[in-house]
Amino acid sequence: MLPQGITLSPGGARAYVANRGSDTVSVIDTATDTVTATIPTGAGPNYVAIAPDGTRGYVVVSDAGVVSVLDTATNALLTDIPVGAGVVMAAVTPDGSRVYVTQQAGNTVSVIDTATNAVTDVITVGGGATGVGISPDGTRAYVACFNSGAVFVIDTATNTVADTITAGPVPILLALNPDGSRLYVTNVGNSTVSVIDTALGTVIATVGVSAQPRFLAVSPDDAHVYVANSLPDTVSVIDTATHTVVENIGVGAGPTGLAVFPDGTHAYVVNAEANTVTVIATTVIPDQGSTGGGDTVTVTGHHLANATAVRFGTAQAAVTANTDTSLTVTSPAGGGVVPVTVTTPGGTGFLGTFYYVPLPALTGISPTAGPVGAVTTRSSSPAVTSPGRSMCTSAPPVP
């Protein structure tokens, strides 16, 4: 199957997965997390961009060089729009009137008029055009060009390049935060994420993640960025306030595509090598910490503004910040695997699970003596990792 990108419909009722290896698109019912339809496409689908009203999907069919228009009500492909060899990604403008499609082979971005289903403009950008995203106000399109090491900024009013922003080595994919003030770009060349201030047009931070980062997504509350790392089979969680990785979550083999549910409670991760989709909880970040407590943890949900208590198991955490959708707390001391609950005037709700990781325990030293200046080998038992974490060493091809 070799699944690649994943996209959620508005409201999140359905997820669309492009299966490059089997020339299909899978439709997932997110209420039951089951595949409800499999749609045949042309050769090599990479991604499905969904219109803001949810009625149309635009399937980027790389090997066929077309964008296929999908009727999401019937799961039927209505027409194919020729774009050119090596089409990779697509993004729909907020008003649904245009689709911007990247073409690696031609170093171009094609603009499709959704009323006529025809290409109306072709914009030359940098080499290796791959990721594309549209600003929330629709005035800018951002294109990651891996051969150029830069993000090209397109003025959508004139369809001309307005700016070029140097990113890290081999930038491939990108994501905007909810208000469009920050742009996050995955750099495969040095396994980092560039944080770009879109008003300044400059990189303001560079965050190291695990090897071979691919798709990334920003949480609806703008608190975290989730990055799929295809080599170590993890998702890195970046704190947007500190620009640091606060957790690495183990998923299936070869994670590539990633999408966060609209309410921010969970995310869908496409595992290209395992031909699966992993659902990860995003309500407690990080979800592991020391048995001695003292870790800063963000708990997300809804109707949290008047929270009177946050408990890890039976132990109460100290609340340091509180909004309607997010709580920042300091974990109490504890052990094992415990539920995280929040109490408000409306009652007590379960929001996730926290794993207490024990400290390393020394079990012995062998040998117990040696000559001065010599190197001896010591053995001890390492800290136990959280349940469900895995490590592999292979990576899928760049989308």
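This is a predicted model: local features need pLDDT of at least 70, side-chain atom pairs count only at pLDDT 80 or more; totals for chains, interfaces and linings use all residues.
User: Where does Gln-212 lie, and what is its phi?

Analyst: For strands and helices, read DSSP runs numbered from the N terminus: helices are H or I of at least four residues, strands are E of at least two. Gln-212 lies in the loop between strand 20 (202–208) and strand 21 (213–218). Its phi is positive, about 55°, although Gln-212 is not a glycine.

User: And what about His-303: which loop holds it, and is it buried or exposed?

Analyst: His-303 lies in the loop between strand 30 (296–300) and strand 31 (309–312). At 62% relative accessible area, His-303 is exposed. It is not a glycine, yet it has a positive phi of about 60°.

User: Which residues does Thr-344 touch?

Analyst: Take a contact as heavy atoms within 4.5 Å. Leaving out residues up to four places away in sequence, Thr-344 touches His-303, Asn-306, Ala-307 and Thr-308. Thr-344 itself is found in strand 35 (residues 337–344), and with a relative accessible area of 18% it is buried.

User: Let's zoom out. How many helices and strands does the protein chain have?

Analyst: The count is zero helices and 38 strands. Along its principal axes, the C-alpha trace spans about 75 × 60 × 45 Å.

User: What share of the residues is buried, and what share of the contacts joins residues at least 24 apart?

Analyst: Buried residues make up 52% of the 399 in the protein chain. Of the contacts between residues at least 6 apart in sequence, 41% join residues at least 24 apart.

User: Now charge. How many positive and negative side chains are there?

Analyst: Count Lys and Arg as positive and Asp and Glu as negative, leaving out His and the chain ends. Each charge is placed at NZ of Lys, CZ of Arg, CG of Asp or CD of Glu. The protein chain has 10 positive and 25 negative side chains, with the centres of the two sets 5 Å apart.

User: How many salt bridges does the structure hold?

Analyst: Side chains of opposite charge can pair when their charged atoms come close. The cut-off is a side-chain nitrogen of Lys or Arg within 4 Å of a carboxyl oxygen of Asp or Glu. This structure holds four salt bridges. One of them joins Asp-71 and Arg-56, whose closest N and O atoms are 3.8 Å apart. That pair links distant parts of the chain, with Asp-71 in strand 7 (residues 66–71) and Arg-56 in strand 6 (residues 56–61), 15 residues apart. Asp-71 is buried at 14% relative accessibility, whereas Arg-56 is partly exposed at 28%.

User: Which residue pairs with Arg-182?

Analyst: Arg-182 meets Asp-197 in a salt bridge (3.4 Å, N to O). Arg-182 is in strand 18 (residues 182–187) and Asp-197 in strand 19 (residues 192–197), so the pair ties together parts that are 15 residues apart in sequence. Arg-182 counts as partly exposed at 25% relative accessibility, while Asp-197 counts as buried at 12%.

User: Last one: where is the cis peptide bond that involves Pro-286?

Analyst: Look between Ile-285 and Pro-286, where omega is about -10°. Pro-286 has its place in the loop between strand 28 (284–285) and strand 29.

Technical notes:
Residues are numbered from 1 along each chain as its sequence is written. Side-chain values use heavy atoms; hydrogens and water are left out. Buried means under 20% relative accessible area, exposed over 50%, partly exposed in between (1.4 Å probe, protein chains only).
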